Amino acid sequence: MMAAASLPPSLLRLLTLALVLAVAAAGKISAPRTPISRDIYHSSDSLLRDIKALVTRHSDKMSMDTVRTSNRGYSAELHVVTFNHMKESVDNGSKVHILLVKRFIVFQSFGQHGRELITSEVALRLLYILTEKRKIAGVDLSSFEKVLENLVIKIVPMENLNGRKRVEEGELCDRRNGRGVDLNRNWSVDWGKKEKDYDPYEEHPGVAPFSEPEAQIMRELTISFKPHIWVNVHSGMEALFMPYDHKNTTPNGASAHLMRSVLENLNHRHFQDSCLVGSGGGSVGYLAHGTTTDYMYDIAKVPMPFTFEIYGDEKASTDDCFKMFNPVDKTTFDRVINKWCMAFLILFEEGLRNLRDAQIVSQGTLENWVPMGGDIDERNVAQKSTRERRKLEGLDLGMQELRTYFRLFMLSTFLLMFMFCTRISKNRSRDSGNVFDP
């Protein structure tokens, strides 16, 4: 006590502050983090093995394509599963043209952020339901049979495989791909804009739009298949989102009414109006730039692009990422998966009905309807739908150039005004000096 009392007050305050910081740091380090529940969740390898086995067992209805590409020394691989209830009929040339008129494509992407393991588990269960398990929590699904006959469903069960591997190796809070880019910020609509709360670790958009192989592949798939419904599946909360993410508004016109009608009906029928419905930018509390959903609507012209958020633990610590984004017990795990698999079936039904009422038909070619079944290398991807890809890329680049020219115009206007005002000010000062100078 005497030694402490003899210290200068300034030094005593410094020591006290150092002790407080040390205690805080120790508390942060020792904060519990929930590990991956490996008795519930598949590893990425085992999940893909199960899907491949499922496709093999049901080759009459399903096929699986593997798409690979690389960029600046970084490679990515995506698996695309196609469920085509009427595949045998489509393969019969005499029926192709009839089927093309009435069938619609649904494209679903899961696992875009590596830490959101639950989304890929939903993808796997949904594929089982479409082929083998015809019930969800005791509910007979035979009423959806006619709906499925009118759909081609394409599922990417794990869009960010490299990022998922990082999570499995212990980086439980990592949402980025294998070289540190947020794939849901790497698309071209309003790319690169940063809000005040921008987190460079979480939201790094890449060096340019579509700099990442994963985003390049997804864009090529979109151009090739021309989906009518696109769903980007995430976790972190429970919500049904439509465009836009980069501004606090929804689109105008008939398409916006169509999307909102589908989401509100789904929310009412299945969630008892408990889900958040609206634009991502207007509902989630922050704006996101360069997202997949905004590209799908503005550039790819998908009639109904959505973002579904399927789970979130609001009580979890921000450091406890696995618990925040994924159920950690078997009961909650099963409840979430069953609930959202049923939600997707209802989405198929609601989407099909609204698309028919709006008389929206596909502009795609025959290859859009027949699963390819095989590997696609980098060269094949680049050759697909060249004319459509160039048209979309040209439009995309044109919009970016217009934005650049506008910014340059505003900057040059500002500089000219500044120079003009400075010149006037100098002239006035000179005139003033001539009058009052003795």
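Modeller: In helix α6, I118, E121, V122, R125, L126, I129 and L130 meet F333, D334, V336, I337, N338, W340, C341, F344 and L345 of helix α15. Contact means heavy atoms within 4.5 Å. This is a predicted model: local features need pLDDT of at least 70, side-chain atom pairs count only at pLDDT 80 or more, and totals for chains, interfaces and linings use all residues. Residues are numbered from 1 along each chain as its sequence is written, and side-chain values use heavy atoms, with hydrogens and water left out.

Colleague: At what angle do α6 and α15 pack?

Modeller: About 60 degrees, with the axes 9 Å apart. α6 covers residues 117-131 and α15 residues 330-357.

Colleague: New topic. How many residues of strand β2 are buried?

Modeller: Nine of the eleven, so β2 (residues 74-84) is largely enclosed by the rest of the structure. Buried means under 20% relative accessible area, with a 1.4 Å probe and protein chains only.

Colleague: How many bridges join β1 to β2?

Modeller: Ten, and the strands run antiparallel. β1 spans residues 62-71. S70 stands opposite S75 in β2. The hairpin has two residues between the strands, and R72 takes a positive phi near 50 degrees.

Colleague: And in which sense do β2 and β6 pair?

Modeller: Antiparallel, over four bridges. β6 is residues 151-156. T82 stands opposite K154 there.

Technical notes
Axes are lines fitted to C-alpha atoms, for helices over the stretch in contact, and angles run from 0 to 180 degrees between N-to-C directions. Buried means under 20% relative accessible area, exposed over 50%, partly exposed in between (1.4 Å probe, protein chains only). Two strands pair if DSSP finds at least two bridges between them.
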